[in-house]
Amino acid sequence: MKIIIKNSLLIILSTALIACGYTLRGNLNLPDDVKNIALITDSYSPISSEINLLLTNIGVETSDSKTTDSYQIEIISEIHNKRQLSINQAGRVNEYELIFTTTFKINSPLENGKDESITLYRDYLFDESRILGTTDREEEIKKEMTSTAASIIINKLKAKIGSM
């Protein structure tokens, strides 16, 4: 009897979650009618590569053509900066802050979008005795920031498509 109640409760809960539109975080789904998105950038950029990867993973083709009959993501700029957050008693840096700013525009087939900007901040401890590991850590953080910004842009695209 307990097994039947557990299974029934599980089925009811699963149905309720599906009915309310719940999806796992990071799950990117675009409407089925969006098959192609133009990804426009002046030169190679890590964020455009990350966006391209995210879109192709969900089955959307990307192109670099500036046609007006599809959605466009235009990467205007991306800048990585670094500044000191704290120093030790000897006057050497203990902690850095990485700042990543990207400016982009999402154009729909019906209208041109406005310039939008995303700025992400991350900090990390700098250890002079492990200079190679610290440098690797900085590169890892930069990649993570780029990936996060790409996901935010895709979610903004999804919101724009949903509002049309």
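Reader: Which residue in β2 is the bridge partner of I37?
Author: T62 is the bridge partner of I37, and S63 in β2 is the bridge partner of A38. This is a predicted model, in which local features need pLDDT of at least 70 and side-chain atom pairs count only at pLDDT 80 or more, while totals for chains, interfaces and linings use all residues. Residues are numbered from 1 along each chain as its sequence is written, and side-chain values use heavy atoms, with hydrogens and water left out.

Reader: What makes β1 and β2 a pair of strands?
Author: Strands (DSSP runs of E, at least two residues; helices are runs of H or I, at least four, and both are numbered from the N terminus) pair if DSSP finds at least two bridges between them. β1 (residues 36-41) and β2 are joined by 3 bridges, so they pair, and they run parallel. β1 is also joined to β3, by 5 bridges and again parallel; there L39 has I73 as its bridge partner in β3.

Reader: Why do β2 and β5 count as edges of the sheet?
Author: The sheet is open, with 5 strands in the order β2-β1-β3-β4-β5 and mixed pairing. β2 (61-63) and β5 (116-125) each have a single partner strand, so one side of each lacks a neighbour in the sheet.

Reader: Where does helix α2 lie?
Author: Helix α2 (residues 46-57) lies across β1, β2, β3 (71-87) and β4 (93-107). Its angle to β3 is about 125°, taken between N-to-C directions on a scale from 0 to 180 degrees, with axes fitted to C-alpha atoms, for helices over the stretch in contact (heavy atoms within 4.5 Å). With β1 and β2, helix α2 makes a right-handed β-α-β unit.

Reader: Why is L157 called buried?
Author: Buried means under 20% relative accessible area (exposed is over 50%, partly exposed in between; 1.4 Å probe, protein chains only). L157 has 0% relative accessibility, so it counts as buried. This residue lies in helix α3, and its C-alpha atom is 6.7 Å from that of I106, 51 residues apart along the chain.

Reader: Which members of the largest nonpolar core touch the most other members?
Author: They are I37, I47, I51, I73 and I153, in a core of 29 residues. Such a core is a set of buried Ala, Val, Leu, Ile, Met, Phe, Trp, Tyr and Cys residues joined through side-chain atoms within 4.5 Å. The largest share, 8 residues, comes from α3.

Reader: Which residues does I73 touch?
Author: Not counting residues up to four places away in sequence, the contacts of I73 include I37, L39, I51, I153 and L157.

Terms used
A crossover is right-handed if, with the strands pointing away from the viewer, the path from the first strand over the helix to the second runs clockwise.
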